[in-house]
Structures are given as structure tokens and as C-alpha cells.
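Visitor: I would like to learn how to read a model like this one, feature by feature. Could you take me through it slowly?

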Amino acid sequence: MLPDHVANQIAAGEVVQRPASVVKELTENAVDAGATEINLIVKDAGRALIQVIDNGAGMTVTDLRLAFERHATSKIRTTEDIFQIHTKGFRGEALASIAAVAQVEAISKKNSDELGNKLIIEGGTVRDQLPVAAPDGTSLSVKNLFYNVPARRNFLKSNQVELRHIQDEFLRVALAHEQISFKFFHNDAEVYILKAGNFKQRIVQVFGRKIESQLVPISEETEIVKINGFVGKPESAKKQRGEQYFFVNQRFIKSNYLHKAITDAFENLLPNQYVPSYFLFLEIDPSKIDINIHPTKTEIKFEDEYAIYAVLRSAVKHSLGQFNIAPSLDFDQNPDWAFIPSRPQNQSVKVPEIKVDRNYNPFDSKPTQKEIRPMTDLYQSFSEFEIENYHPQTLLSKEEFEFAELNVFQWQNKYLVTQHKGELLVIDQNRAHQLVLFENFKRSGSGNALSQRLLFPTEIPLSETEMNALKNFELDLVKFGFDLEFGTKEISVTAIPTDVQNEQIPAIFSDFLNELEIHDKISFETEISKIIAKNSAIKKGESLLPEQAKHLAQQLLQLDEPNFSPYGKPIFVQISETEITKKLS
Ligand code: ADP
Ligand code: MG
């Protein structure tokens, strides 16, 4: 059994990575407590003080004590409750973790109580507790973060960087709760004063007046998801990522996948590499999502990922069209704007005729990349449906419809077998995954990659030359989600992209160094992506769950160019019925 203070410090490593994590946890607690006013006071970029004052429900003296125990939460009781989460928190870990690595002073008073209570905890040990006069609500002060974990305190970045992170976390909560007033002070200077209002007003208060004329409203309601919010007009798009906000059930999330739905909707409206801004609220039945997969909960899993993608993309496309931003969009003329209506119950689907290209050979040196995509035949057969059967609620583009229905099985723990365009496809799982990861990394490498902080950093011994070579690329690596600390004879890798496993780090860095030795300058986005993809892809011989196999095949077939791995090897073999008939004759 680990002593409590050790267990809490370890848990703290996951929850409290930097001052910004404390800001996130405390402001979310204030929101969960039903506050209508939340004040954030920060000193010295959070090193000296992070204080959150709310006018929410407050805590009784017993609850105030309990709140700092590990796994103490008032927000869920049973495992089933996890599927019905309407609060920001539910793990009951934040306060215990924060108190383990800081000096905390908590004052809380319930509206129904005469007096409030004050609790002082240092490094997880209660120092003092006493009744005090206090306003309704809670004030939590976190002083000298990591005072007892010098290694962590030393790892904090410059004040400017830490403050930037604090501001990001603050805005994610403030944007998601426009009906709450927020104030944020740093070193006694006002940073944000946000009055309660509607969502548009909140965006304007945060980003300034000039954004107002740039916002195109989005609104769509379907059975699986309700979408509201704004996207920026194409001319307001920027070259780097910046104002991209997805909120699912009022929780900020990161999703490369949904991001792609938006950029897809902007297709042809933006020059390459420009990223549209967006502020979108998705409301989804909590039982259809899993917010549990990431300790800091910015990633979630959706049960209906494909459908949400499709609805989101169409909603954005639709608004861009409606607001005359993309006047060329037209239901009848633009084949891009092709929806498949939900299948009518009493009508069977006419089997599409498939033209088989007998000359198609995936090993050809000049790949006919688009070969695998067009499904015009399928679409035409659907367009014969009567207009009454057109349910805009269940919009799926032709690709999504097609891929959602895929039947995939794994064979020999090496291949995924499925059918596509009337042919049998045998997909090399390793190469397929390499390509899927490669495309993802390439995309996220140009913006904020999702990163996970390591509890135990991996150390890699390096020569001086290697060290210098890597130093020049530190920033590029950071963009991909790595975080490095340079020692004298080694580097420690303290954070890695979420798709990468701990064990793969040494191999990945050894490949980086090899590449740097050969070329002495890596064309980073491509080469880094290749190397990470190669090392983290599902290996040959790895057995996959049926959903994993299906998901991988779907991801592959949705790519514009699914034919070759990042290293130029063919990914799949196609076998036509003719070939099989021939063998059977
Ligand atoms: P979680 O939010 O996951 O429940 P926390 O450790 O953040 O866990 O908080 C523990 C408990 O303390 C919460 O469930 C809540 O009951 C109480 N609590 C924390 N902050 C506040 C607050 N600002 N106002 C009222 N209650 C609070
Ligand atoms: Mg909490």
C-alpha cells in the first residue's frame, strides 16, 4: 500500500501538470457548483497564487473536509452515473491532487448556513480548520504550486508560456458558459471582465468587436446531435490554428476528426493551410459519448462518430451556402453536396451496377489514386427515391454512408479483409495504419497536436552533436506534442503525442537522429510524421478487435489517397470477381 501522500502526489502528476491545470479544475468546480459569478485571481503566472472565488452552492464543514479526500465527489455515485454526466468533474481527484502539491486555503459557506468554514491544507496534510464569516459560495486559494516537488516546479516554462496556458483554460470554460460572469486578474491587472450574456456577446467580449461581422451562425438539430454556434467567414481564416473551439455538452474538447469535418465543409473556399475559426456547441446524449479516455478530459469518444461528422459538415456547408459565402453550392448542380436520404422502410435498395476496371493495378507506378473513391453509381440509385423520403435529419454523405456499412474481418493477424467497389480488398494492417497515422500527424503537426504528459519521463542518452542536432528541432517536436528537457548527457522526453506509446520513444528518437545525420535538416512535417507513424503503427501479428479492424479500414478508405504507405509500399490488394471465377473454372 502506498502511503496516501505518495498516492496523491502520483495522481497529481496526471491532473496537475502546470498552473493552468489548477485554473481548469477550480473554475470547472465553480461552474459545477452552480455559480453565476466566478473570479480568477492569478499571481506570478500561477506560481505564487491561483485563487477562484465563486458564489455557488458552497460546502458544509463535513463536505469541505471530504472534498480533499481522493475519489471524493458529490457528482456521481455508481458506475452507471458515468454515462449520464452533466457536470464538468466526476473523478473526485482534482482537489486531493492539488492539495498534495501546494498550500491550499479553502473557505466555503452554504447559503443556508450562518457561518462559513476555512480549511488550510499543505502538501496534503490538514493544518487548520475553523469557522469564519464568509459570503455564500467558495473561495479556493492555491499557493506556491509544486513547492514540495522541486523537479516539477523547475520544469515550469517561462511566465509568458504559463500565463498563455492559463488564459487558454480560462477561455475554454468562459466561452462554454456565457450565462456566467467571469473576471480574471493577473498581478492585480484586469485581464478579462466578461458579463453574462449570449454566446455571440461572449465571443465578441473575448475576441473583440471586429469578429462580430465575421461570424456565420450554424444551427442544426438531428436525433443524435444538436449543433449551435458560429464559424468564421473564409476571409477571416488564419494560417495557424487559433480560434477553434468545440464544446460537447459545454465541455471544451479537441478533435482532429471533427476539425476535419469543418475543413472539409470549407473545401475550395480557403487557400491551402488556412484554418477557419469556429465556436461550436454540440449537444449529445451523455450515454453516447465517453469522456473518460483522457485524464484531463479534453478528448472524448463518440458512439456515432461518423454520423456526427456528416451532420457537422453538412450543417457548416449549409450555412456557408445560405449566407452566400459559397454561392456555387447548389443541391442540384454540385455533386459534392450529395446526401443520401435515410433508407425508406418499405422500399428495397436497388443494387447499384458497378463498373469494374479490369486494368486497375494498385502496383502500377503511377497510381490512379482516385480509383477507389467514386460511388456515383450508388448515389444515382439513391437519387431515384421519392422526395418524401428525404429526411434531412439523417444526412450522410455518400462516403460516410458507404464506410459506415463496411464489413471487415482480420485475417492472420496481419490483414484486414473487406469488400469495396464490388471487389475484395485485402489490406495490410501495418501499412494502412502507418498511412492513417501519417496523415493525422502531418495535419496536427502544423497546429496543436494532442499531447500526453509522462508520469515517468523517458531518458535518452545522447552525444553532444546529437544533442545540438535535436535542439534545433525542439520547436518542431513541440508542435507534434513532444516535450523535451535537455540535460548534459541526455534528454528526457516528458510528453509525447497521444497516439504514441511510451515504449516507442527510444526507437522514434533514434530514427529522428538517423534522419538528421543523413540529411542534417529534416523536412520536418513530413519526416517526423513518417517516423512517428512507422513506429507507432499497429504491427503485423497484432490481433485487433472487430471494431478496431472496422475503424482502421474506414479511416483508410476515407483518405483521398489510400493506395500507398508513407514509404511508398502498396497498402492493399484488390481481387475482382472475374479473377475468382477464373480460378474456379
Ligand atoms: P469532482 O469535481 O470530480 O467531483 P473535485 O476534487 O474537483 O472532484 O471536487 C470534489 C468535490 O468537492 C466536488 O464533487 C464538490 O462536491 C466539492 N466542491 C469542489 N469545489 C467546489 C466549489 N467551488 N463549490 C462547491 N463544492 C465544491
Ligand atoms: Mg472537479
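Guide: Keep in mind that this is a predicted model. Let us begin with a helix: the buried residues of H8 are Asn256, Tyr257, Leu258, His259, Ala261, Ile262, Asp264 and Ala265, and with 8 of its 10 residues buried, H8, which spans residues 256-265, is mostly covered.

Visitor: How should I read a strand, and which strands are joined to S6 by bridges?

Guide: In a regular strand the side chains alternate between the two faces of the sheet. Here, strand S6 (residues 137-143) is mostly covered, with 6 of its 7 residues buried. Strand S2 (residues 49-54) is joined to S6 by 6 bridges and runs antiparallel to it, and within S6 it is Ser141 that stands opposite Gln51. Strand S3 (residues 103-109) is joined to S6 by 7 bridges, again in an antiparallel arrangement, and there Ile107 has Ser139 of S6 as its bridge partner.

Visitor: Is Phe323 buried, partly exposed or exposed, and why?

Guide: Phe323 counts as partly exposed because its relative accessible area is 42%, and that class lies between the buried limit of 20% and the exposed limit of 50%. Phe323 sits in the loop between H9 and strand S16 (339-340). Leaving aside residues up to four places away in sequence, Phe323 touches Val216 and Pro217; the C-alpha atoms of Phe323 and Pro217 are 8.9 Å apart, although 106 residues separate the two along the chain.

Visitor: Turning to the ligand, which residues come nearest to ligand 1?

Guide: Of the 18 residues around ligand 1, those that come nearest are Asn29, Thr73, Ser74, Lys75 and Gly92. By class, the shell around ligand 1 holds 7 nonpolar, 7 polar and 4 charged residues.

Visitor: What polar atoms lie beside ligand 1, and how much of its accessible area does the protein cover?

Guide: A polar side-chain atom of Thr73 lies 2.5 Å from an oxygen atom of ligand 1, and a polar side-chain atom of Asp54 lies 2.8 Å from a nitrogen atom of the ligand. For Ala94, a polar backbone atom is 3.3 Å from an oxygen atom of ligand 1. Of the 530 Å² of accessible area that ligand 1 has on its own, the protein covers 92%.

Conventions
Residues numbered from 1 in each chain as written. Chains lettered and ligands numbered in written order. Predicted model: local features only at pLDDT ≥ 70, side-chain atom pairs only at ≥ 80, totals over all residues. Heavy atoms only, no water. Near = heavy atom within 4 Å. Polar contact = N/O pair within 3.5 Å; in protein donor to acceptor, adjacent residues only side chain to side chain. Areas by Shrake-Rupley, 256 points an atom, 1.4 Å probe, with all protein chains shown as cover. Nonpolar A, V, L, I, M, F, W, Y, C, P; charged D, E, K, R; others polar. Buried < 20%, exposed > 50% of the residue type's maximum accessible area, 1.4 Å probe, protein only. Helix = DSSP H or I, 4+ residues; strand = E, 2+ residues; numbered from the N terminus. Pairing = 2+ DSSP bridges. Contact = heavy atoms within 4.5 Å.
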